[in-house]
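Please look at the sequence and the model first, and then read on.

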Amino acid sequence: MTADVSLRAWGLEKSYVVQSIRTQALSGVSLALHPGELSLISGPSGCGKSTLLSLLSGLSRPDRGEVRALGTDLCALDDAARDAFRLVHCGFVFQGFNLFPALDALEQVQLVLDYCGIPHDVGRRAAARVLDMVGLGPRQHLRPAELSGGEKQRVAIARAIVKRPRLLFADEPTSALDSVNGAIVTDLLREIAHRSGTIVVCVSHDPRLIARADRVIEMEDGRLCRDSRGASRSGATETCP
Amino acid sequence: MAVALARKTLVHEWRRFLPAVMSVGFSGVLIIVQGALLLGIVGTNALPVTQSRADLWVGFPGTQSADLGRSIDAGAAAELLVDPRILRVEPLLLGSGDWRGPRGGGVSVTLIGIDTRPDGLGLAEAMPRSGRALLTEPATVLVDAADLDKLGTAIGGAAEINGQRVRVVGTTDGMRAMGGVNVVASLATVRALDRSLAAAGDVTYYLAALRSPGAARAVKARFSQSETRKRFEVWTAEDLAGRSVRYWLLESGAGVGFIFATIVALLVGTLITSQTLTAAVAASTPQYATLRAIGVPFPKLRRIVVEQAAWVGAVGLALGLAGSLLAAALAYLNGIPFALGPGIMALSGGLVLSVALLAGVLALRRLRHADPAALLR
């Protein structure tokens, strides 16, 4: 039997209570995501897509349901074990870049490897290599204030993938970028999925990203309503009930 | 070496951390300067001890401070000299007088009578050998160089003490006291000036030099038996000096004032530093949350904040010490007693670093906001 390399969820339910009003963010969401694919979760604001990303990545727990990532039941792990799981397997890219102002691009990336316990010199070389890969080799000694928005997001992507995670989660990675940089970042995410067999999950409503994704999962009111594959989206496999 | 996130952030955003560094530094200066001044002032009561070269001091049993010495029987000298470890013994007298200078008006003075032989022990640190020789002439006195103005006199000037004429033949150095004025004279002159000392052959203290200073505690122990203790008590020089300082620290209330002001300085320092560090943590919340998302455990983030606090403390402490050295230099130039010793510096350093670390711990509460799930809302 081969190891389970996918990311699966069954019957996810999650609700929030804000000012004593309960909002159902997810209702019975089940899906399976596969290695080597750039999967996009899309939908209107408030449809629950960020909540779904949070549950799939083990950042929060569902009220009900199960998430199994690379064969591990995330919901059964305690906080420390989920931290350890994420440290080994998960990379994140956020809309706001979230880079440390005091560190140059190389240090931003290397910092992650420090926390993974990689020796300094090895980490430094690996960080430089990944920055090269995202096209920032010559600019690795610049701080965030000296980089453009697109370059910052590429540093953030380099930071997310430097430890070679098997799961990469991106939340609106292109929304703050212009069309050229948006395209560069989209292609990068696609390439990461295809070349390294990473499960790349993006939450976005950016049409440029939708057009380039291998799979698009659309959501509405906390439920999945359409799941389609292929650039032309001709092969719709599921629709909302 | 790992990426020094805490230190690099501190350097890069130094303006943000400046208030914390300054408040830590000022707390340090305030504690050190206050403490050194207090110890310096209180320490002036121990000047006869600290400015002399005796290994042992012998005085009235139960004396609480060097300046409060009472007479003991002159026979004590013979008893002391029985011990072969004692090389020699010389008397020291403490008396009081009313100084009247050419400007008129009285100044209360403390009369200190010393043995004028060239290698005398009493106040040996406060004057050159030539100064002692000058006192062999009757009715001559030395006053401290820093007190000349206060007494309205100069070397060669004349004055009256307790109605008797004296001549100022020289100065001492480092004998300036806070309460009154120290006037140094020969034993005979002091007996002549202070009539309460004139009648009896009693002395205030005997100063003993040992063949080997290392034996001080052992010799002291020998003379601390109950039968001798009724007539006199023996202290090492450090004992008596320390006892004098402690007595005045507790007795004068100045010690309580120091403790109160130190608490205020520490409180203000902690408040400002914790506010600054909290603001710094708040500004980095998304970055910290991102590290949490990647799986960096919470304790490692705490370490970043505590390390920043430690740096703030260290830099602030360095500033504080520099400021205190400057204050010490100013005090020295102005002849102000300022006891900047390792004790007060270590105390202040420890307190100030605790302030910074406590502030760091308070700032950790803000770190709880670094919830990675919040980045996805």
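What follows describes the contact between the chains and then the nonpolar cores.

The model is predicted, and in it chain A and chain B bury about 2600 Å² between them, with 66% of that area on carbon and sulfur atoms. Chain A brings 28 residues to the contact, while chain B brings 26 residues. Across this interface there are 2 salt bridges, one of which joins Asp83(A) to Arg292(B), with the closest N and O atoms 3.0 Å apart. The interface also holds 11 residue pairs in polar contact, both residues being at pLDDT 80 or more.

On the side of chain A that touches chain B, the elements that give two or more residues are those in the table.

| Element of chain A | Residues |
|---|---|
| helix 1 | 49-56 |
| helix 2 | 79-89 |
| strand 6 | 90-93 |
| helix 3 | 105-115 |

Helix 3 of chain A provides the largest share of this side, 6 residues, and the residues of the side divide into 14 nonpolar, 6 polar and 8 charged.

The largest nonpolar core has 42 residues, and those touching the most other members are Leu111(A), Tyr288(B), Leu291(B), Ile304(B), Val312(B) and Leu367(B). Helix 3 of chain A is among the elements that give two or more residues to this core, as are helix 13 (285-294) and helix 14 (298-333) of chain B, although the largest share, 8 residues, comes from helix 15 of chain B. Beyond its neighbours within four places in sequence, Leu367(B) is in contact with residues including Val281(B), Tyr288(B) and Phe298(B). A second, separate core of 39 residues includes Val109(A), Val155(A), Ala158(A) and Ala193(A).

Key: Residues are numbered from 1 along each chain as its sequence is written. Chains are lettered from A and ligands numbered from 1 in the order in which they are written. This is a predicted model: local features need pLDDT of at least 70, side-chain atom pairs count only at pLDDT 80 or more; totals for chains, interfaces and linings use all residues. Side-chain values use heavy atoms; hydrogens and water are left out. Contact means heavy atoms within 4.5 Å. Buried area is the accessible area (1.4 Å probe) that two parts lose on being put together, summed over both. A salt bridge is a side-chain nitrogen of Lys or Arg within 4 Å of a carboxyl oxygen of Asp or Glu. A polar contact is a pair of N or O atoms within 3.5 Å; within protein, one must be able to donate a hydrogen and the other to accept it, and residues adjacent in sequence count only if both atoms are side-chain atoms. Helices (H or I, at least four residues) and strands (E, at least two) are DSSP runs, numbered from the N terminus. Ala, Val, Leu, Ile, Met, Phe, Trp, Tyr, Cys and Pro count as nonpolar, Asp, Glu, Lys and Arg as charged, and the others, Gly among them, as polar. A nonpolar core is a set of buried Ala, Val, Leu, Ile, Met, Phe, Trp, Tyr and Cys residues joined through side-chain atoms within 4.5 Å. Buried means under 20% relative accessible area, exposed over 50%, partly exposed in between (1.4 Å probe, protein chains only).
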